[in-house]
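Dear colleague,

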Amino acid sequence: MTTFNRVPSLMARAGTASALTLAAVGGSIVAPGMASEAAAATPGMKALKVAASKKGAPYQWGAAGPRRFDCSGLTLYSFKKAGKKLPRTAAQQYNRTRHISAKNRQAGDLVFFHSGSHVYHVGIYAGGNKIWHAPKTGDVVKLQKIWTKNVWYGRVR
């Protein structure tokens, strides 16, 4: 019998089990507030993982991967790998998403930086007020704190 198959019998004998106990015997739990496996499989979460896997890739204006990226090239590439098609520029991507409030943002949503009504930059929200993005010439794909309040959020449909 495998360790995993013994989890129910161990729990029955003990009555309850802590998360550490379950982990030690190969079980799994879903904690309140934690993403379920189904949520982790959303296109946004898949795209987020793709973007994170490109950490350190050099910025190049007009590049859309797989080795170099500009901001919208990274989001286009990441969502394409997640099975979703996006247009090329940050502004076009903003117009293609379902706009959401900061309060309703989730990891995997797009973060659009704007000046007035002009969208000039995009990244993928990673949670904790951070984004994965390709910042500028001379820089690389990286995780960075959102540095301004002039952002809008969009969810890829």
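The notes below cover the salt bridges and then one alanine.

This is a predicted model, in which local features need pLDDT of at least 70 and side-chain atom pairs count only at pLDDT 80 or more, while totals for chains, interfaces and linings use all residues. Residues are numbered from 1 along each chain as its sequence is written, and side-chain values use heavy atoms, with hydrogens and water left out.

The whole structure contains three salt bridges (a side-chain nitrogen of Lys or Arg within 4 Å of a carboxyl oxygen of Asp or Glu). In one of them, R88 pairs with D70, with 3.1 Å between the closest N and O atoms. R88 lies in the loop between α5 and α6 (90-96) and D70 in the loop between α4 and α5, so this pair ties together parts 18 residues apart in sequence. Helices (H or I, at least four residues) and strands (E, at least two) are DSSP runs, numbered from the N terminus.

D70 is buried at 7% relative accessibility, whereas R88 is partly exposed at 26%. Here buried means under 20% relative accessible area, exposed over 50%, and partly exposed in between (1.4 Å probe, protein chains only).

R155 and D109 form another bridge, at 2.7 Å between the closest N and O atoms, and both residues are buried.

A64 sits in the loop between α4 (43-53) and α5 (71-81). Among the residues that A64 touches are F69, Y77 and R88, not counting residues up to four places away in sequence; contact means heavy atoms within 4.5 Å.

Yours sincerely
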